[in-house]
Amino acid sequence: MRIERVFVEGHEDRNVQRVLRELGVETTGDEGAPKLGTYYLEVGEVKFEAKNLEGLKSVFENLLGTYVVVPAYNEEKTVGKVLDELLEYFPPERIIVVNDGSRDRTEEIARERGVRVITHLVNRGLGGALGTGIEYALRKGARAIVTFDADGQHKVEDALRVMKPVIEGRADLAIGSRLKGDVSQMPLIKRIGNTALDLITTIFSGRYVSDSQSGLRCLSRDCASRIRITCDRYAVSSEIIIEASKKGCRIVEVPIKAIYTKYSMRKGTNVVEGIKIAFNLLIDKLR
């Protein structure tokens with residue numbers, strides 16, 4: 001994780017520099033004696049906050065222990081650029097590309113970037129890919145797990161914002177909501193479809209989320225360990241929310257802006273997939 005700087009504000013605390021040296025970072029900001037009050041770790045344009053030294057250590061460790069899971073199926077056109085952008089902030093060993101039975105150069109391009117690549121011999125769907133990636137990250141000791149689409153729809157800066165409440169310990173599941181952000185580029189048909197799926201997800205979870213189908217989310221280790229992923233296809237997005245809600249995980253939404261291109265528009269859910277999602281959720285609920 002590329003941490004730009006650490007700075008503090010408030011009252012004097014002469015233990016700050018010692019603790020930060022132990023963490024391997026340096027303070028910047030106000031001159032003179034270190035301060036006690038609110039502590040900030042700055043990553044890109046996002047400031048991760050802590051109220052005390054213990055909180056600062058926890059935030060720092062959570063950042064360094066964050067893994068990114070990138071499910072990818074025939075994404076040779078976009079996966080290279082997506083990984084290049086992620087690598088500006090995350091080390092390659094913390095990025096997991098789950099090559100979900102791709103028939104193009106997706107796996108080859110990902111391996112060229114030096115990230116961890118796990119390949120399914122057959123296409124298992126979004127749920128299968130996320131399940132594989134999350135399970136691997138947990139085995140590696142992840143403290144937080146970000147899921148990030150491979151089609152170029154997400155911005156890394158938004159991923160950092162989605163991470164913030166989880167890294168700071170204020171939430172267990174943070175979902176990047178396109179509906180709470182700038183929706184000017186979102187096609188009307190997608191907005192209508194997402195709204196319908198949001199309502200269905202709400203019925204089964206008892207928790208309203210404005211963008212239940214978002215592929216950009218961050219889970220704490222505790223939340224990721226407790227949820228059970230059984231849906232192999234797109235229904236997994238709703239399933240994660242339903243499972244997290246059932247297990248008492250704290251869920252928040254963070255506004256994001258999706259990037260829509262002709263390529264990304266062909267990906268994701270459509271009317272047929274929406275019907276399948278509703279059907280799969282109903283079957284699962286009746287079990």
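The following legends describe close-up views of a predicted model. Local features require pLDDT of at least 70 and side-chain atom pairs pLDDT 80 or more, whereas totals for chains, interfaces and linings use all residues. Residues are numbered from 1 along each chain as its sequence is written, and side-chain values use heavy atoms, with hydrogens and water left out.

**View 1. Helix H5, residues 126-139.** Helices are DSSP runs (H or I, at least four residues) numbered from the N terminus. The 14 residues of H5 reach 20 Å from the first C-alpha to the last, close to the expected 20 Å; the expected span is 1.5 Å times one less than the number of residues. Ten of the 14 residues of H5 are buried, where buried means under 20% relative accessible area (1.4 Å probe, protein chains only). Among them are Gly 127, Gly 128, Leu 130, Ile 134 and Tyr 136. Gly 141, which follows H5, has a positive phi near 90 degrees.

**View 2. Helix H6, residues 156-167.** This helix has twelve residues and reaches 16 Å from its first C-alpha to its last, close to the 16 Å expected. H6 is mostly covered, with ten of its twelve residues buried. The buried residues include Asp 158 and Lys 164, as well as Val 156, Leu 160, Met 163 and Pro 165. After H6 comes Gly 169, whose phi is positive, near 85 degrees.

**View 3. Lys 47 over the face of Tyr 40.** Lys 47 lies 5.8 Å from the ring centre of Tyr 40. A charge sits over a ring if NZ of Lys or CZ of Arg is within 6 Å of the ring centre and within 35 degrees of the ring normal.

Technical notes: Helix = DSSP H or I, 4+ residues; strand = E, 2+ residues; numbered from the N terminus. Buried < 20%, exposed > 50% of the residue type's maximum accessible area, 1.4 Å probe, protein only.
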